[in-house]
Amino acid sequence: MHLIIMGPPGAGKGTQAERLTKEFSLLHISTGDIFRNAVKEGTEMGKKAKEYMDKGALVPDEIVIGIVRDRLSKPDCAGGVLLDGFPRTLEQAEALDEVLKELGMVFDAVINIDVNEEELINRLTGRRVCRNCGTTYHIKFNPPKVRTICDHCGGELYQRSDDTIETVKERLVVYKKQTMPMIEYYERKGILKNFDGARDINEVFTDIKTYLEGIK
Ligand code: AP5
Ligand code: MG
């Protein structure tokens, strides 16, 4: 099964992706994570991406599309992937269709998670991420047992540099302008499924899981 998970910043894409990829044995491909790893490693691509990410802007399409094309071409994708954070412009969606045609891949569903803006701001400004294994927490909604330490691997928890209130507000503006038009694109293709993300993490997960079991 090949899936796309979309929704505004803080909707819970990463949180649900962690669970869904385990449940359905899928490969989690997050363009945000790819960029954050490149920043950590100090590569040229990482340096360029950081300039955009810290402003809350999107990394240019030509960079992102090339990365996803290369990643989807690898043999480990054949068993099923969950694309998180890509595509997020109409140009990227059209480019993805071309890549899928080239590779002979078909996507089964686009999971669209919706959450109101006030909740998104609360979620993002309280998010903490493990520096070592990437597990995501929230200081109130999904707290670790010890405030600064990852439950799974004991790694240090940090706050993403784009989770400041100013950058979060800009990311939400960019989402509405550049990413929301994609909802209609996938609606027209008949593969979009909407989920109310303003509920408990487990409730959202159960809902998506039930839907996916029905289309498997
Ligand atoms: P990316 O990393 O993809 O960030 P994003 O889309 O802004 O989404 P987030 O990761 O912030 O939120 P999420 O939906 O994953 O929420 P999470 O599960 O963590 O991209 C970052 C940047 O990279 C972009 O701004 C751009 O610059 C660049 N980029 C990436 N892809 C690109 C592309 N294709 N093109 C161009 N540029 C690109 O949850 C958030 C918090 O809420 C957590 O603390 C979590 O514990 C909590 N939470 C989750 N679900 C619930 C719930 N149901 N109830 C309560 N709390 C919850
Ligand atoms: Mg994420």
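I began at ligand 1, where a backbone N or O atom of Ala11 lies 3.3 Å from one of the ligand's oxygen atoms; I count a polar contact as a pair of N or O atoms within 3.5 Å. I note that this is a predicted model, in which local features need pLDDT of at least 70 and side-chain atom pairs count only at pLDDT 80 or more, while totals for chains, interfaces and linings use all residues. Residues are numbered from 1 along each chain as its sequence is written, chains are lettered from A and ligands numbered from 1 in the order in which they are written, and side-chain values use heavy atoms, with hydrogens and water left out.

I then looked up Gly14, which places a backbone N or O atom 2.9 Å from an oxygen atom of ligand 1, and Thr31, whose side chain has an N or O atom 2.7 Å from a nitrogen atom of the ligand.

I found Thr31, Ile34 and Phe35 of H2 meeting Ile63, Val64, Ile67 and Val68 of H4, with contact meaning heavy atoms within 4.5 Å.

Last, I checked helix H6 (residues 117-125) and helix H7 (residues 165-179), whose axes come within 10 Å and cross at roughly 135 degrees. Their contact is made by Glu117, Leu120, Ile121, Leu124 and Thr125 of H6 and by Ile165, Val168, Arg171, Leu172 and Lys176 of H7.

Notes: Axes are lines fitted to C-alpha atoms, for helices over the stretch in contact, and angles run from 0 to 180 degrees between N-to-C directions. Helices (H or I, at least four residues) and strands (E, at least two) are DSSP runs, numbered from the N terminus. A polar contact is a pair of N or O atoms within 3.5 Å; within protein, one must be able to donate a hydrogen and the other to accept it, and residues adjacent in sequence count only if both atoms are side-chain atoms.
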